[in-house]
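Take a look at the structure below. Have the sequence at hand as you read.

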Amino acid sequence: MVKLIASDIDGTLLSYGETALPSALFDLIRRLRSAGVLFCPASGRQYHSLRQLFAPAADEVCFLCENGAVVFGPGTEESAPVLSKTPMPRQETLDLIRDIAALPESYALVSGQNISYLHRWPEKLAADFRYWTGNLVRPVDRAEDIREDIVKVSACCPSPAAAAEALGPRWEKKFHMAEAGPIWLDFTLADKGAGLRGLCRSLGVDLAETMAFGDNWNDVPMLEAAGTPWLMASAVPALRERFSRQCAGVLPVLEELLAELGA
């Protein structure tokens, strides 16, 4: 029996460019909860941003944030427990930030537990980022001035593939490196698979009792860890070859699961 459902957001629950989740999702989350199934958004996004996105059900779900680097249990933003956090080594992370800044038209997004530090971002780009994500943000000129643990570094860049080619030789063996969208290349020590495993340990749920949805390379560790993985049919061909269970949308699959549970 499925006891936990983890779902990616951008490209999975939301088409790229959309800003609001379908209202029907929140009723499904409540019905699943009543049937003993917990829902967990799993995203590269920040905790605060995810809570805004899931506002009607934010206190009732877990949140796998920053590609698995920080996992929160149910509760209010002030009281929800941090179930796991995976900081990156500081000096190597500062070196990575400098390497991202040296790439053409590329900027580093540095993630703390619940703050996005914008390293030397142009004002217009920073304003667009705030608008589209709703993140708590703080501009910084010097990455060394960030005092808290750094859990993720992202390159905001014209071509994640080109950035991966440039940064990979030095960094892909030190950190998990994954394309996370049309303009994002993410670096963490954790990944969504590690986040899902940590969440299951905290909740006492077997991985075989989990279902996961995703569409991109940063979702692969989570899809591989889940008992029932679903890949979006819009994913690139290389991913469609890896996962046979595919769907056009998450909500119809949740409806089918509820029907099977008699809920």
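This is a predicted model: local features need pLDDT of at least 70, side-chain atom pairs count only at pLDDT 80 or more; totals for chains, interfaces and linings use all residues.

Strands of a sheet pair through backbone hydrogen bonds, either parallel or antiparallel. Here, six strands form an open sheet. Their order is β8-β7-β6-β9-β11-β10, and the pairing is mixed. Neighbouring strands are turned against each other by 25 degrees on average, direction ignored.

Which strands stand at the edges? They are β8 (137-140) and β10 (176-181). Each has a single partner strand, so one side of each is left without a neighbour in the sheet.

Strand β7, residues 116-119, runs parallel to β8, and four bridges join the two.

Now move to β9, residues 152-156. On one side, β9 pairs with β6, residues 107-111. This pairing is antiparallel and spans five bridges. Find S111, whose bridge partner in β9 is K152. Strand β9 also pairs with β11, again through an antiparallel arrangement, with four bridges. Here S154 stands opposite D186 in β11.

Is β9 enclosed or open to the outside? Five of its five residues are buried, so β9 is largely enclosed by the rest of the structure. In a regular strand the side chains alternate between the two faces of the sheet. Look at each face of β9 in turn. K152, S154 and C156 lie on one side, and V153 and A155 lie on the other. All of these are buried, and both faces are covered.

Next come the helices. Two packed helices are described by the angle between their axes and the distance between the axes. Take α3, residues 90-101, and α5, residues 160-171. Their axes come within 11 Å and cross at roughly 155 degrees. Angles over 145 degrees count as roughly antiparallel, so α3 is roughly antiparallel to α5. The crossing is right-handed.

Which residues make the contact? From α3 come E92, D95, L96, D99 and I100. From α5 come L167, R170 and W171. Four of the contact residues are nonpolar, four are charged and none is polar.

Methods. Residues are numbered from 1 along each chain as its sequence is written. Side-chain values use heavy atoms; hydrogens and water are left out. Axes are lines fitted to C-alpha atoms, for helices over the stretch in contact, and angles run from 0 to 180 degrees between N-to-C directions. Angles under 35 degrees count as roughly parallel, over 145 as roughly antiparallel, 65 to 115 as roughly perpendicular and the rest as oblique. A crossing is left-handed if the near helix is turned anticlockwise from the far one by less than a right angle, and right-handed if clockwise. Contact means heavy atoms within 4.5 Å. Ala, Val, Leu, Ile, Met, Phe, Trp, Tyr, Cys and Pro count as nonpolar, Asp, Glu, Lys and Arg as charged, and the others, Gly among them, as polar. Two strands pair if DSSP finds at least two bridges between them. Buried means under 20% relative accessible area, exposed over 50%, partly exposed in between (1.4 Å probe, protein chains only).
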